[in-house]
Amino acid sequence: MSASGIQDLQVEDLKTEELQDNGNGAADGDVPAKAKTKSRKKKKAENVPTQPKKAGGKRPAGQAQFLKQIAEARQELDRLEKEKEEKLRKEEEERQKALEKQRLEEEKKEREKQKRKERKQKQKQEGKYLSKAQHKKKVKDQENLKKMIESGATVVGFDDTTKLNIPIVIPDKKSSTLEKMEPVVESLSSDTDKNYNDLPDIIEKVHLTPHHQTQDPALRIRQRVEESTLDETLTLRAPIICVMGHVDTGKTKILDKLRNTNVQTGEAGGITQQIGMTNVPLYAVKKSVSVCPYMKDFQYRLDGLAIIDTPGHFSFRNLRSLGSSLCDMAILIVDIMHSLEQQTIESIKLLRSKKTPFVVALNKVDLVTGWVSHPDKDIRTVLGLQPKNTLQHFNDLYKKTFVGFAELGLNLGLAWEVDPDTEFLSAIPTSAKTGDGIGDLLAYICKYSQCKLEKRLTKSQELTATIMDVKVVLGLGPTVDIILANGTLHQGDKIIVPGIEGPIVSQIRALITPQPMKEMRVKGQDEHHDSISACQGVRIAGNNLENAIAGLPMFVAQYDDEVDHYVETLSTLITKTFSSFHKKDKGVYVQASTLGSLEALLDFLKDSDVPYFGYNIGPVHKKDVITAMTMLDRNPMYAVILAFDVKVDQDAQAMANKSGIKIFTADIIYHLYNDYSNYEKNYKKQQADQHRHKAIFPCSLKIIPTNVFKTRDPIIVGVRVEEGTARIGTPLCVPSRNNVVIGIIGSMEMNHKPIELAKKGQEICIKIANFGDEAPKMIGRHFEITDQIVSKISRDSIDVLKDYFRDEMTKEDWLLVKQLKTTFGII
C-alpha cells in the first residue's frame with residue numbers, strides 16, 4: 001500500500017468518527033461538539049482508537065476490518081522507512097569503498113612513482129640510463145629485431161662479454177626479405193651505446209620456439225630466475241603459516257576454531273598424521289580480527305593466510321622440518337598449564353635452525369582457575385576483566401613459561417608489552433575451546449607479515465611449488481597435493497615431479513582447490529580452475545602421478561629442452577634424499593604413504609634401535625613381500641613388513657602368510673611400533689628359551705682361601721665374582737693351567753639361600769660338578785686355590801649371546817668376552 005493510500009484511510013477514519021459522534025448527539029447532549037472534537041484529536045494524537053463498542057465489549061465487524069487495514073498500513077510505512085535506511089546505508093558503504101579504492105590507487109601510483117625514481121637513480125649509477133633519444137633508438141632496434149625474427153632470423157643467445165647484452169642473430173640466407181635488412185643487423189650488432197636487457201621480453205612476446213632462446217636450458221632457467229619480475233603493487237601474497245607444538249596442545253583445534261570445522265576428530269588417534277593446508281581468505285581474517293580495536297585503522301595488504309597444520313609429536317620431526325622449510329612464519333602452541341614440553345623444545349630448536357620467525361600462543365587459558373571467557377573482546381581486555389585470583393594464577397603460569405624460554409636463551413613477553421624491533425618473542429594467551437585470543441593471534445601475524453616480511457611476501461612470477469601428498473581420487477585418478485608458494489599454474493602445463501623410480505613427466509589435466517576456509521584433507525565440494533596463482537594449496541590431476549614422492553619440489557618446463565634439465569635436477573635430489581637413510585644388512589622392511597611419513601618412521605626406528613634393510617613408498621605389493629623374504633635366511637626375526645598408513649594388496653597378504661612374512665599395519669606410528677615391539681619381545685623370548693642351553697655368559701671368579709669346603713668332585717668352594725655374571729650351568733676352566741676344564745657350576749648359594757645368578761662383587765658358594773666324560777679334577781692336583789677361574793666360552797656361544805641375549809649383556813660383559821676370546825684364541 002502506498003503512502004497516499006495510507007493518508008486517505010486516515011482521513012476516512014476521521015470522517016467516520018465525526019458521523020458516529022453526530023449520530024449519538026442525543027445521548028451526549030451534555031457534551032459540547034467542540035469538546036468532542038478536541039477529545040477526538042487528543043485520542044488520535046495518542047494513537048488510541050476511539051471507535052464505539054457494541055454491547056458485550058465487541059466492536060462492529062466492519063470497524064475491526066478497518067482497524068486491521070490501518071495496522072497493515074503502519075507496518076507498510078515501517079517497512080518503507082527501513083528500506084530507505086538500508087538504501088542510505090548501502091550508498092554510504094559504496095561511497096566509503098570508492099574513497100578507499102581511490103586512496104589505495106593513489107598510494108599505488110605514489111609507490112610506483114617512487115620505485116621508478118629509485119630505478120632511474122640505480123640505472124644512472126650503473127651507467128645504464130637511456131636518454132629519450134637513446135630510448136627511441138632502442139625501441140626502433142627492437143622492432144627491427146622482431147621483424148627479422150618473423151622473417152626467419154634466429155636469436156641463438158646474447159653476447160654477455162660486455163654489459164650490453166647484445167643479441168646474437170643468425171639471418172636466414174634463403175630469405176630475400178632479410179637481404180634488405182642486413183644494415184639493420186649491422187646496426188644492432190654495432191650499437192654499443194644501448195642496453196638490450198629488455199630484448200628477451202620481446203622474444204617471449206613473439207612466442208619463439210626453444211632454438212630462438214639461449215641454447216643451454218640450465219643457463220636460460222637461471223637467467224629467468226634472476227630476471228623474474230616482482231609484483232610492484234601494494235598487495236602481498238598470503239604468508240604460509242606453520243603451526244607447531246607438543247602433542248595435544250590444541251594446534252588443530254585452534255585452526256578448527258578459525259575455520260568452524262572439525263578436522264581433529266578425523267585424525268588417527270586425535271594426532272595429526274599428515275600435513276594439511278587451509279586457505280583463509282582476507283574477509284575471514286578481518287572478521288576474526290574485528291574484536292581487536294587497535295586494528296580498526298590497519299591497512300591490509302595481504303591476500304589472506306595459508307596455514308599448514310604440521311604434526312606436533314616428536315616422531316614427526318621430519319614432517320615438521322618439511323613444514324618449516326615451506327613456511328614464512330610459525331605459530332608455536334604452548335600449553336600454559338604444562339609450560340615447555342619435550343616436543344615444544346624440539347620445535348623451538350628446529351625453528352631457530354631454520355631462522356623462521358614465530359609467535360607463541362599460550363593456549364588453554366580457559367583452564368586457568370575461575371577464567372571468564374569474552375571471545376568478542378581482545379585478549380588484553382579479557383585479562384583485565386578476570387577476577388583477582390584468576391589473574392594471579394595466570395601470572396604464575398606465565399612466569400613458569402617465561403623461565404622455560406629463558407633457560408633456552410630466549411626472551412619472552414606478552415605481545416602488547418614487547419617492542420617488535422627487539423629480540424623478544426611475542427606471546428599471546430589463547431583458548432582454542434572458547435575462542436579467546438584467536439583474533440589477537442591473527443592480528444599479530446598480519447602486522448608482523450606486512451612490517452617484517454614484506455620483501456619475502458612480494459609476489460614473484462617464478463614458480464615455487466612443493467608436493468605435500470600423493471593419492472588416487474575417485475573420478476580424478478592419481479593426484480598430487482602441492483603448496484604453490486609463488487608463480488602461476490595453467491591447465492596443460494608440462495610438470496616434472498619426483499618419483500619412486502625416478503622423475504615423472506606429466507601434464508596437468510585439472511587444477512583443483514578446496515572451498516575457502518576448508519582444508520585440503522577434508523572432503524567436500526572442490527573448485528576447478530583453468531589457471532591458478534600463489535599462494536595456496538592446489539590439487540593437480542595428471543597421468544602417472546601415482547608413484548610421485550611427497551616432500552620434494554615440483555617443476556614446470558616452459559620449453560621442451562628444459563624437461564631433461566629438470567629430470568636431472570630431480571634425479572640428483574632424489575638420490576641425495578634417499579642416501580641419507582642408513583640401511584643395514586639385517587633389519588625390517590618399511591612401507592609408508594609419503595616421503596614425510598617414511599622419514600618419520602625411519603627416524604623413529606633409528607632412535608628405537610630397530611634396524612631396517614629396505615623401504616618403499618605406496619601400497620604393499622607382492623614385490624615388497626619378495627624383498628622382505630630375504631630376511632628369512634639372514635635373520636627370521638626381521639622377516640617383517642612395517643606398513644604405515646598404506647593398504648596391503650590381497651595377493652601380497654596371501655604370499656606373506658604362505659612364506660612366513662609378518663605384515664604389521666597401523667595409521668599411527670606408535671601403534672605400529674608397539675605391535676612390532678611386542679612381536680620382537682615374544683620372538684626373542686621364544687628363541688632364547690630354545691637356545692639357552694647353548695649360551696655361556698662370561699665370568700671371572702676368585703676362590704676365597706678360607707672358604708674351601710671340598711677339594712674333589714664335587715668341588716665346593718666360596719668364590720668372589722670379579723667380572724661378569726656367574727650362572728648355573730656355566731662351564732669353568734683355569735687359563736693358567738693350560739685352560740684345563742674343571743667342571744660346570746651345578747648350584748649356587750648366598751647366605752644359605754639358593755640363587756640362579758651372581759653379579760660382579762658378590763661372594764657366593766658354588767658347587768663345581770664334573771663336566772662330561774673327563775676324569776674329575778681336584779684342588780691341589782690340577783689347579784690351586786690362587787688360580788683365576790673363568791667361564792669356558794666358544795665361538796658358538798658368543799654368536800648365541802649376540803643373537804638372543806643382547807638384552808642380558810652389559811658393556812663390561814662384552815669387554816670380558818673380548819679378553820676371553822684372546823685367551824682362548826677365538827677368531
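**Notebook: charged side chains**

I looked up Asp-799 and found it partly exposed, at a relative accessible area of 32% (buried is under 20%, exposed over 50%, partly exposed in between, with a 1.4 Å probe and protein chains only). The model is predicted, with local features needing pLDDT of at least 70 and side-chain atom pairs pLDDT 80 or more, while totals for chains, interfaces and linings use all residues. Residues are numbered from 1 along each chain, and side-chain values use heavy atoms, without hydrogens or water.

I then checked the partner of Asp-799. Arg-795 meets Asp-799 in a salt bridge, N to O 3.2 Å (a side-chain nitrogen of Lys or Arg within 4 Å of a carboxyl oxygen of Asp or Glu). Both lie in helix 23 (residues 795-804), four residues apart, about one turn (helices are DSSP runs of H or I, at least four residues, and strands are runs of E, at least two). Arg-795 is partly exposed at 28%.

I noted a second pair in a helix. Asp-689 bridges to Lys-685 at 3.5 Å. They are about one helical turn apart because four residues separate them in helix 22 (residues 669-691). Lys-685 is exposed at 55%; Asp-689 is partly exposed at 47%.

Next I took Lys-364 and Asp-335, a salt bridge at 3.5 Å. This pair links distant parts of the chain, 29 residues apart. Lys-364 sits in the loop between strand 7 (358-363) and helix 13 (379-384), Asp-335 in strand 6 (residues 329-335). Asp-335 is buried at 3%, whereas Lys-364 is partly exposed at 22%.

I also logged a salt-bridge network of Glu-76, Arg-79 and Glu-83. My salt-bridge count is 20.
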